[in-house]
Amino acid sequence: MASRVDHTALFAATPSPYLVLGPDLVIVDVNRAYLAATGRTREDLLGRHIFTAFPDNPADPEADGVKNLGASLHRVLATGRSDTMALQKYDIPVMGRPGVFEERWWSPVNTPVLGPDGQVTYIIHRVEDVTAFVKEYRAAHPEGIRAAERPQETQALEAELYARARELQRLNEELRQAHTREREVAVALQEAMLHAPDLAHHRDIAVRYLPATGSLNVCGDWYDVVDIPPDRLAVAVGDVIGHGLEAAAVMGMLRSALSAAIRALERPAQALEVLGLYARSVEGALGTTAVKAVVDMRSRLITYSSAGHPPPMLVHPDGSCELLDQATDPPLGARPQHVPRPQAILPYKPGDTLVLYTDGLIERRDQDIDVGLGQLAAVLGGFIHLGAEQLADTVLARLGVASGGRDDVALIVVKL
């Protein structure tokens, strides 16, 4: 049997300098290599905010280490992804000599450690001290030689190294700003296209759309609410593969097509068949999942059909849940030939709640989808007494996506 690995000992002995931060950027652990690189002890660092332990050099008017490192760490917290920084000049205080700083150059990488809920619980800050590389040409000359007297090639190397580091930092920042602008445009487009006029007629229906945080993987999810006179209601959610503005455009076309199809055909299976045929002519639409349900308020029946989408839930007043999983077919365009889609019907009673959602609500990288379904059912069953709006907010909060998650989330809660 394999022996157990002592990860504490491994971390302590790792040759690269490592610092571990909490989400509040307070230092919670450090290895020996980091202590050696900075001339600190564990007592100097543990429990201190990183920028209290390592402030900017007040004697350097161009010091930007705190600003750049802070921006990187907050990107890790927001996105849950590693962030590699450009070469960074970040002087550190000399221990025992208040106000004195030592010139240092670093190559930093910040890596998140995610908890079971997918949120960042720690950040591993790894650095490599490259100060010797920057200064190696200076070491060959006696102290006191002025910069102007150094060999020309030495000055050129140092200037080029510094210029390249700053240029890389500038380009990275421009790329991040462009990324942010495109994401903002995509989200705005998504919100405009999700307008559902018939929703205003229903106080017992709540809808939510949350874009993924910290990425362009947004704008593929949608919801729709359609009145079918005199006494039927159609609801749908869908999820387009892809991201950014392209996914938003495809989402808008598919949502509009399905909304029109259900008004003309009224049967969910037929509406999804039409959508599937239409998807074959729309670039980026194949592989889209969607589910459509029609609630007949006179007969108290729910008719539904699914194209590869997670099953809706019907929640009863006693907290028990039924999955609407008896009419599931592959995603749009998955079959080479057109095949009629299945459809199922189940009754409901006044007081029941119908919930449709996209996979961003229940899927997590570190758990099976059945676990997510069970968690959703438990939350719905435990808070079924709440109104539609409160229940929608509670579901998002309890499943850890109230502020967004790694994927888009669309949600419809219908109090029947």
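The legends below describe close-up views of a predicted model. Local features are given where pLDDT is at least 70, side-chain atom pairs count only at pLDDT 80 or more, and totals for chains, interfaces and linings use all residues. Residues are numbered from 1 along each chain as its sequence is written, and side-chain values use heavy atoms, with hydrogens and water left out.

**View 1. The cis peptide bond at proline 230.** The bond that joins proline 229 to proline 230 is cis, and its omega is near 5 degrees. Proline 230 sits in the loop between β10 (221-228) and β11 (232-239). Here and below, strands (E, at least two residues) and helices (H or I, at least four residues) are DSSP runs, numbered from the N terminus. Most peptide bonds are trans, and most residues other than glycine have a negative phi.

**View 2. Positive phi at leucine 25 and arginine 300.** Leucine 25 has a phi near 65 degrees and belongs to the loop between β1 (18-21) and β2 (27-30). Its relative accessibility is 4%, so leucine 25 counts as buried (buried means under 20% relative accessible area, exposed over 50%, and partly exposed in between, with a 1.4 Å probe and protein chains only). Arginine 300 has a phi near 55 degrees and is found in the loop between β12 (289-296) and β13 (301-307). With a relative accessible area of 42%, arginine 300 is partly exposed.

**View 3. Helix α10 and its N-terminal cap.** Helix α10 covers residues 369-382. The expected span of a helix is 1.5 Å times one less than its number of residues; for the 14 residues of α10 this gives 20 Å, which agrees with the 20 Å between its end C-alpha atoms. Aspartate 368 caps the N-terminal end, with a side-chain oxygen 2.9 Å from the backbone nitrogen of aspartate 370. The buried residues of α10 are Gly372, Leu373, Leu376, Val379, Leu380 and Gly381. They pack against β14 (313-315), β18 (353-357) and α11 (388-398), where contact means heavy atoms within 4.5 Å.

**View 4. Helix α11 and the glycine after it.** Ala388, Leu391, Ala392, Thr394, Val395 and Leu396 are buried in α11. Their cover includes β9 (205-210), β18, α10 and β19 (409-415). Glycine 400 follows α11 and has a positive phi, near 75 degrees.

**View 5. Two aromatic pairs.** The structure holds two aromatic pairs. Rings of Phe, Tyr and Trp (its six-membered ring) pair if their centres lie within 6.5 Å; planes under 30 degrees apart count as stacked, over 60 as edge-to-face and the rest as tilted. Phenylalanine 11 and tyrosine 18 form a tilted pair, because their ring centres are 6.4 Å apart and their planes are at 50 degrees. Tyrosine 34 and phenylalanine 54 form an edge-to-face pair, because their centres are 6.2 Å apart and their planes are at 75 degrees. Tyrosine 34 is in helix α2 (residues 32-38) and phenylalanine 54 in the loop between α4 (50-53) and α5 (65-79), so this pair ties together parts 20 residues apart in sequence. Tyrosine 34 is buried at 6% relative accessible area, and phenylalanine 54 is buried at 4%.

**View 6. The nonpolar cores.** A nonpolar core is a set of buried Ala, Val, Leu, Ile, Met, Phe, Trp, Tyr and Cys residues joined through side-chain atoms within 4.5 Å. The largest has 48 residues, and those with the most contacts inside it are Ile205, Trp222, Val235, Leu254, Ile302, Leu354 and Ile412. Helix α8 (residues 244-265) gives the most to this core, with six residues. A second, separate core has 24 residues, including Leu210, Val395, Val401 and Val413.

Definitions and conventions:
A polar contact is a pair of N or O atoms within 3.5 Å; within protein, one must be able to donate a hydrogen and the other to accept it, and residues adjacent in sequence count only if both atoms are side-chain atoms.
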